[in-house]
Amino acid sequence: MELIFERSVSGRAGVRVPLSDVPKAAPLSEALRRQEPVRLPEVSELDLVRHYTNLSRRNFSVDTNFYPLGSCTMKYNSKINENVGGLFAGCHPVLALLPGGENLVQGPLSLIHGLERQLAEITGMDEVTTQPLAGAHGEMTGIMVIAAYHKARGDNKRKYVIVPDSSHGTNPASAAMAGYEIVTVPTAPYGDMDLDLYRQAMNEEVAAVMLTCPNTLGLFNPHIAEICAIAHEAGALTYYDGANLNAILGKVRPGDVGFDVIHVNLHKTFSTPHGGGGPGSGPIGVRGDLVRYLPTPRVVRREDGGFTVEDHPEGIGRVSDFFGNFGIMARAYAYITMLGREGLIEVSEQAVLNANYMMARLKEEYELPFDQTCMHECVFSAVRQMEHGVHSIDVAKYLVDRGFHPPTVYFPLNVKEAIMIEPTETESRQTMDAFIEVMLEAARLARENPERLHEAPVTTPVGRLDETRAARAQQVCCE
Amino acid sequence: MGYCPNTPDDIREMLAVIGAGSVEELFSSIPAGLRAKSFDLPPGMSELELTRHMKEKAAACGADVVPFIGGGIYDHFIPAAVDHLASRAEFYTAYTPYQPECAQGTLQALYEYQSTICRLTGMEASNASLYDGGTAVAEAALMSLRITERHKVILDASVNPLHREIVTGYLHGLSAEAVQVEPKGCASDLDRLMAAIDGETAAVIVQSPDFFGNVQDFRDLAQKAHEHEALLIVSCYPIALGLVASPGEMGADIAVGEGQSLGNPVSFGGPYFGFIATRKRFIRNLPGRIVGETIDHQARRGFVLTLQAREQHIKRHKATSNICSNQSLCALRGLIFCAALGKKGFEELALLNYDKAQYAKSQLASVKGVDLLTRGATFNEFTLSLPTDASEVVQRILEKGVAAGVPLGRYYQGMEKALLVTVTEKRSKDEIDRLAVLLEEALWS
């Protein structure tokens, strides 16, 4: 398809700018002025609308396709949340910081406070901040809070953060951004972080251990309380990566188990749209002594029941401009409020049921490296298909031809040829059955006609793209 | 309730396939001692009840206040097409384009976005967006440390104070230093900034228009930085780029900024997007996602995520950043906004902002006792000095439904009487005239 710039016709006008009702001012000096106008496209509004409408049709999305992308929780994003999330579009955040301004923005302040209390109850933490703008940003914020805690105690010898080898790449990257060196602990044959090796790695130079539970294999680690206790004994803190929280709503609360810091991905568990890769939102929750190190500012309830914005002097400072991605927070608040206690418990129960059904029906054809009851997602391996020269990417591309967004492939890194399927609770048995049939068909084709899988996809606007060429050419904007 | 479609029959049959007696049995791998001690949330609501509840909250959000406030976030007009196109569910319910063949919509849009950012900033390579303006400045600072292998940045205190707080927070953990250079009056102290650059400096970070509203010329500063093999990082306001010289024209090595003003509503602080663009030789040091052009086996043009070996899912702790997502949907809005206005409209919009602010400047500076602190060139913001504490004045005028500006005492010591005023194209002449009257009343009656 043409680029919008290639549709441009010199002299064609787009949206009209309002006429001026003030006198023309003296121009800026030559040195400060732009030499020529920005080379933006010159298209009519209809050209524009057609271009982006047609571009949108080149996407798979939750609203058009089953999207069982493991670890991403691609559940349905209800339409009511879009309606109510946009109600605050005209509210300027600086208003809250003006003298007398907070009384004008009690609605959004009460929503932030309300969401923080909901998330604290759901995760078992004492206090929550909504400031981090995405999951990885929450991780970095959480580790900065942990660093501040150690530093305030004069404990300056801690320079390591422990992560399991199955962790999301963001965990070690976030800890590194907060200034720590990384110790990676391998996965044991039973699918969880090797407990003995972890014990050996833990010492008084470790600041924290970061854990995802259920882990990236979709398995619940029954030793998490022990892992927390081992860390605490050595004076280290424990970080819970909430990426997989969708599995345990109402069943387990990380705070009860002994985790000190947690982040929550509102765009996963709490149903805010993924937006083609963002905006997300990654609030963090903390317990006990850590509360004082949360970023500034805090939304606090006043004695009269209203809400105020307070500086948080002992905190780690500011990690984003205002209170977080408010429009996303409003959608998550609406989701939690609308589902309520029973609705949230049902979410996890149905998510786990769907994943186990998927696992049960596919394990005859696909290798299941860890054959046990899974939580919200299951991880297969295409090693049997590899005997026929077919890789997980080939299965993935065939699914595209059959109208399904592929599962996550090649993650987690500790499973060879991984295929990670997360159906989520919002998919019906019938949708999953249709997907399963195509997965089984792909396994059959791997044996009988592997070429068909290598060719896939053939139904999309483009076939497999040459990624090496892209990396070499580094063509990242048009001339 | 939770949009869960399976019927009791479905559930029974699925459990039979799994070989489990009940749904609860599927949670038996969780030891009893680890079960939730509480889950005290109220019962759910219907759509109707929720809508009422949310409308109540939204009624108390100050949306009817006339804003002469900016300070990094601006109340600009958004063409209707932006909302409609960005509301296509194929865009907003998709995720990261990991499978490019079924994500060409998002990928091509991001490529067009990157091209737009390069054209706006006068740079050669943009990523697919960052979280927001503040974290973009911080990521640019980190990028300069990587490129130069040095540990110090010089931070002009005329840069947005919220952004500076984020930069110092990000650098703190990495044992890197941000040396702040205080402004001279209400403008960057360019002489002291130049004098501060030495062989240890990774980058100088400046902003134009700066936090007081000054449009600045950084050409000499760029030259001085480059003499010491340091980088010049310029934070910019994209709407202003319709009129003022771009960071590229000024000799910047990295251009960053808050993208909100491009088609994203103020929405109580987010979601917005940050942008970052640089010279092509630094492309491998960019954080976050980058979309690149390529072809398929039939030589058809297509787009993919590229140079991913910089990123956390491959490099883990050695990645250029921990960022995993971008702000795709907000960046898409920015792209559609720019394309909707087009070459001519974008320039006209910038001029309109400039003219309105110049008019407001003359009206407000002629109020008795009020003086102009930003005496040089400005875009759509300027700083006034009032005869009394600006906070009190703002509070008094706010009672009349007008947010007169941002008092600067909160951010700069000794500037308790300074007021930062913003005038976008949305402020009418009548509103500006009324502000002048309200200011006079607040000061003298």
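Here is a short tour of the structure, stop by stop, with something to select at each one. Keep in mind that you are looking at a predicted model.

**Stop 1: chain B as a whole**

Start by showing chain B on its own. Its C-alpha trace spans about 80 × 55 × 50 Å along the principal axes. Colour by secondary structure and you can pick out 14 helices and 15 strands. Chain B has 445 residues, and 64% of them count as buried.

**Stop 2: where chain B touches chain A**

Now bring chain A back. The contact draws 171 residues from chain B and 171 residues from chain A. Which helix gives the most to the side of chain B that touches chain A? Select residues 328-365 of chain B: that is helix 12, and it supplies 23 residues. Colour this side of chain B by class and you get 87 nonpolar, 54 polar and 30 charged residues.

**Stop 3: helix 13 of chain B**

Stay in chain B and select residues 390-398, which form helix 13. Show the side chains of B:Ala390, B:Val393, B:Val394, B:Ile397 and B:Leu398, which are buried. Look down the axis: these residues cover an arc of only 135°, so they sit on the same side of helix 13 of chain B. The general rule behind such a pattern is that an α-helix has 3.6 residues a turn, so residues three or four places apart point the same way.

**Stop 4: two crossing helices in chain A**

Move to chain A and select helix 4 (residues 135-152) together with helix 5 (residues 170-177). Their axes come within 8 Å and cross at roughly 45°, which makes helix 4 of chain A oblique to helix 5 of chain A. The crossing is right-handed. On the helix 4 side, show A:Gly135, A:Ala136, A:Glu139, A:Met140 and A:Ile143; they meet A:Thr170, A:Asn171, A:Ser174, A:Ala175 and A:Met177 in helix 5. By class, this contact has five nonpolar, four polar and one charged residues.

**Stop 5: A:Arg331**

Last, centre on A:Arg331, in helix 9 (residues 326-362) of chain A. Is A:Arg331 buried or exposed? It is buried, because 27 other C-beta atoms lie within 10 Å. Setting aside neighbours within four places in sequence, A:Arg331 is in contact with A:Asn81, A:Gly85 and A:Thr272. For a distance check, pick A:Tyr293: it is 38 residues from A:Arg331 in sequence and 27 Å away in space, C-alpha to C-alpha.

Methods: Residues are numbered from 1 along each chain as its sequence is written. Chains are lettered from A and ligands numbered from 1 in the order in which they are written. This is a predicted model: local features need pLDDT of at least 70, side-chain atom pairs count only at pLDDT 80 or more; totals for chains, interfaces and linings use all residues. Two residues are in contact if their C-beta atoms, placed from the backbone, lie within 7 Å. Helices (H or I, at least four residues) and strands (E, at least two) are DSSP runs, numbered from the N terminus. Ala, Val, Leu, Ile, Met, Phe, Trp, Tyr, Cys and Pro count as nonpolar, Asp, Glu, Lys and Arg as charged, and the others, Gly among them, as polar. Axes are lines fitted to C-alpha atoms, for helices over the stretch in contact, and angles run from 0 to 180 degrees between N-to-C directions. Angles under 35 degrees count as roughly parallel, over 145 as roughly antiparallel, 65 to 115 as roughly perpendicular and the rest as oblique. A crossing is left-handed if the near helix is turned anticlockwise from the far one by less than a right angle, and right-handed if clockwise. A residue is buried if 20 or more other C-beta atoms lie within 10 Å of its own, exposed if 12 or fewer, and partly exposed in between; C-beta atoms are placed from the backbone. The arc is that of the directions from the helix axis to the C-beta atoms.
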